[in-house]
Amino acid sequence: MLKDYSSFTGRFRRIFGSMATARSRYFPNPKADYKGGSAPDIPTPQILEKLNDLLLRIENGYKPIDKNAGDGLYLGTAGVAYMYYHLSRTSRLKPNAGKYLNKAVQYLRPALTAVGNVTTDSKEAPSFILGNCGVYAVAACIYKCIGQEPQSNRYIQLYYDCAETVKQPKFLAAGSDELFVGRAGYVLGALWMAKETETLLRTSDIYEICDVIVHSGRCYALQQKSKSPLMYAYYQVEYLGAAHGLSSILQVLITVPGYLDSHPQEAKSIKESIDYLLNLQDEQGNFPSATDEIGYQSKLVHWCHGAGGIIYLMAKAYMTFKEEKYLNSCLKMADLIWEKGLLKKGPGLCHGVAGNGYAFLLLFRMTKDPKHLHRALEFYSFMNTGEFQMGARTPDYPYSLFEGLAGTACFLADLTQPAHAKFPFNDVLCVY
């Protein structure tokens with residue numbers, strides 16, 4: 001059974017938020033902001049030294065064995081396999097690419113064993129972040145990279161074999177459209193896999209799945225009398241953030257090449273839904289975690305909930321529609337992340353400092369403004385301080401891709417090549 005990684009209900013989130021002080025969630029930012037001038041120097045030797053330290057900690061603390069292989073890319077060994085693949089593709093780390101790919105295969109094997117008993121027509125199989133399809137996609141890319149084309153093609157085929165399940169309107173009772181286990185994740189994974197393996201995207205299947213996503217969101221929005229033309233629920237909560245909510249679903253829909261142009265009615269609903277979400281941005285730059293929190297000041301400045309993740313939708317909307325309001329939204333989110341994004345939950349991607357740091361790397365690539373690179377480097381620097389190391393919490397899965405050090409390692413690697421940096425599986429600036 002797929003585990004429920006959904007967050008608390010809206011009512012409990014609001015009660016908990018009102019009890020917690022603002023500073024309990026984040027460290028006040030002690031760093032000086034960018035003051036203009038030339039681009040900051042990247043301390044590459046120090047970053048690589050820290051990266052090697054993280055890799056040693058992962059290798060010693062998290063072995064590539066069956067008991068660590070569950071929970072897909074999010075928590076399992078497949079996520080560490082992805083990390084090594086990511087490092088092997090980093091220009092500054094090319095001399096070690098062979099070693100990293102060997103490690104990637106080691107961590108991939110138990111993950112493949114873990115998903116081996118789940119058939120492609122199972123409702124669990126299409127999950128990208130938490131289930132089979134994420135493992136298939138990473139396997140396809142790793143085997144392609146090491147020259148094992150038949151193995152790569154096998155996992156590509158297994159991935160697409162899951163498409164018929166995804167097309168079923170309600171293949172998951174808790175919600176079939178979100179990123180972690182639903183259709184949005186499946187489509188995002190297909191885009192990433194096709195690009196990385198240099199294979200054709202199976203557009204007919206992907207377009208059909210996008211049609212189902214739009215129809216599902218439209219029906220639910222009408223049923224609930226939503227102000228957004230498209231709306232979705234996961235475990236009966238209308239999430240808005242990247243992990244389970246509206247923002248990542250919309251981002252995926254506008255990313256699929258050619259879909260908006262060939263589906264004008266769907267495109268209209270998608271853009272109006274993006275603008276609905278844009279209008280929920282508060283004065284600080286943040287967004288509610290879910291629709292039942294509209295009107296309350298959100299305290300969650302994470303990738304999974306809030307500005308740290310919604311920035312990817314607005315960045316993609318700016319690249320797609322060329323309207324300044326989306327870029328302005330991104331810049332407002334970046335200022336909020338600079339102020340409140342040094343999270344006490346740890347160094348990871350989902351709700352940690354590295355995840356928020358990636359927002360600055362995204363904006364640096366988009367705007368070429370050195371301010372954003374400065375901010376990303378300062379977030380890295382803060383993670384090395386005693387204040388962070390003594391005051392941050394240890395994640396439940398401290399070595400994993402989305403909660404722990406594997407995701408942090410990806411962030412550090414990308415700091416050495418900021419012009420090519422990308423949040424795992426999510427290259428907003430890529431033209432597929």
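Are Tyr358 and Phe423 buried or exposed? In this predicted model, local features require a pLDDT of at least 70 and side-chain atom pairs count only at pLDDT 80 or more, whereas totals for chains, interfaces and linings use all residues. Residues are numbered from 1 along each chain as its sequence is written, and side-chain values rest on heavy atoms, with hydrogens and water left out.

Tyr358 and Phe423 are both buried, a term that denotes under 20% relative accessible area, with exposed meaning over 50% and partly exposed in between (1.4 Å probe, protein chains only).

A search of the whole structure identifies 30 aromatic pairs, where rings of Phe, Tyr and Trp (its six-membered ring) pair if their centres lie within 6.5 Å, and planes under 30 degrees apart count as stacked, over 60 as edge-to-face and the rest as tilted. Tyr82 and Phe425 form a tilted pair, with 4.3 Å from centre to centre and 40° between the planes. This pair links distant parts of the chain, since Tyr82 belongs to helix α4 (residues 77-88) and Phe425 to the segment after α19 (405-415), 343 residues apart; helices (H or I, at least four residues) and strands (E, at least two) are DSSP runs, numbered from the N terminus. Tyr82 counts as buried because its relative accessibility is 4%, and Phe425 counts as buried because its value is 2%.

Tyr358 and Phe423 form an edge-to-face pair, at 5.5 Å centre to centre and 65° between the planes. Tyr358 lies in helix α16 (residues 353-367) and Phe423 in the segment after α19, so this pair ties together parts that are 65 residues apart in sequence. Both residues also belong to one aromatic cluster, together with Tyr74, Phe180, Trp303, Tyr312, Phe402 and Phe411.
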